[in-house]
Amino acid sequence: MDYQEYKALLVERRGAVIIGTLNAPPMNPVGPDLHDEIHHFLRAADEDDSVRVIVMTGAGDRAFSAGGDINWMKSDLDIPRRPMWSTGLAAEKSILQTVLNLRKPFITRINGHAMGLGATLAVLSDFSYMVEDAKIADTHVKVGLVAGDGGALLWPLLMGFANARRYLLTGDMLTGKEAAELGLITQAVPRDKLDETVFATAERLAEGAGIAINYTKIAINLLLRSMVDKLIEAHYGLEVQSALSDDHREAVHAFIEQRTPVFTGK
């Protein structure tokens with residue numbers, strides 16, 4: 001299978017392990033091209049008989065992904081029908097459901113900061129290994145948006161409702177070490193141990209009883225998939241409503257102008 005057609009995603013092989021790298025350093029923001037390529041890559045790798053384990057990471061050492069591309073948000077603000085919120089959110093939803101429907105083990109190598117949609121992608125995986133002093137946060141509220149692309153669903157299940165409220169309603173950051181202690185990720189490690197940790201797990205899974213591992217993964221995800229199918233439309237609907245708010249517009253302009261946003265609650 002040919003994985004060389006991507007523009008924003010770098011694909012490498014390590015035996016039966018395939019690695020997809022979000023390739024827009026230093027912050028690896030997720031714009032429309034990367035949305036589409038993540039979805040396509042995950043489905044292709046899951047259907048590729050030569051692949052047994054899927055790994056995703058970010059280029060460089062600063063960020064796994066800073067989340068949604070702020071310039072994409074800005075370009076969409078003055079378009080009356082707001083196509084980003086029909087096509088863009090549909091792509092996010094597609095990524096969420098694609099990850100949960102993967103048959104093969106999916107590992108995230110969180111090499112740096114993971115924010116917004118980047119954080120959702122990071123914690124969606126079966127195994128999430130993060131640099132211990134990197135930061136992770138669902139920062140949707142800081143740009144005037146609802147955490148509707150998976151955060152409001154996943155974080156309470158992983159870290160408990162009290163902790164999820166604390167971090168989702170403020171957008172505050174956690175270190176990798178703190179995230180691991182709260183159960184948001186699998187493990188935090190020193191940077192020089194990240195590859196060793198990630199690929200020890202990947203190779204162990206690749207050498208294991210594939211059918212048993214894959215089917216056990218499917219069984220584990222059945223309840224979560226059921227919840228996503230029932231609730232995700234409401235979550236996206238709430239995010240779409242927030243995307244039309246004055247506060248979101250203010251947050252985008254303030255970010256680009258490098259100033260503190262002044263929210264009015266409208």
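Biologist: Let's start with D195: is it buried, partly exposed or exposed?

Modeller: D195 is partly exposed, with a relative accessible area of 37%. Buried here means under 20% relative accessible area, exposed means over 50%, and partly exposed is in between, using a 1.4 Å probe and protein chains only. Keep in mind that this is a predicted model, where local features need pLDDT of at least 70 and side-chain atom pairs count only at pLDDT 80 or more, while totals for chains, interfaces and linings use all residues. Residues are numbered from 1 along each chain as its sequence is written, and side-chain values use heavy atoms, with hydrogens and water left out.

Biologist: OK, and which side chain does D195 meet in a salt bridge?

Modeller: That's R109, at 2.6 Å from N to O. A salt bridge is a side-chain nitrogen of Lys or Arg within 4 Å of a carboxyl oxygen of Asp or Glu. R109 sits in strand 5 (residues 106-110) and D195 in helix 8, so the pair ties together parts 86 residues apart in sequence. Helices (H or I, at least four residues) and strands (E, at least two) are DSSP runs, numbered from the N terminus.

Biologist: And R109, buried or exposed?

Modeller: R109 is buried, at 17% relative accessible area.

Biologist: How many salt bridges turn up in the whole structure?

Modeller: Nine. One of them joins R14 and E203, with the closest N and O atoms 3.3 Å apart. R14 is in strand 1 (residues 9-14) and E203 in helix 8 (residues 194-206), so that pair links parts 189 residues apart in sequence. R14 is partly exposed at 42%, and E203 is partly exposed at 31%.

Biologist: Switching to helices: at what angle do helix 5 and helix 6 cross?

Modeller: Roughly 135°, with the axes of helix 5 (residues 151-159) and helix 6 (residues 161-168) coming within 7 Å. The axes are lines fitted to C-alpha atoms, for helices over the stretch in contact, and angles run from 0 to 180 degrees between N-to-C directions.

Biologist: Which residues meet there?

Modeller: G151, A152, W155, P156 and M159 in helix 5 meet F161, N163, A164, Y167 and L168 in helix 6, where contact means heavy atoms within 4.5 Å.
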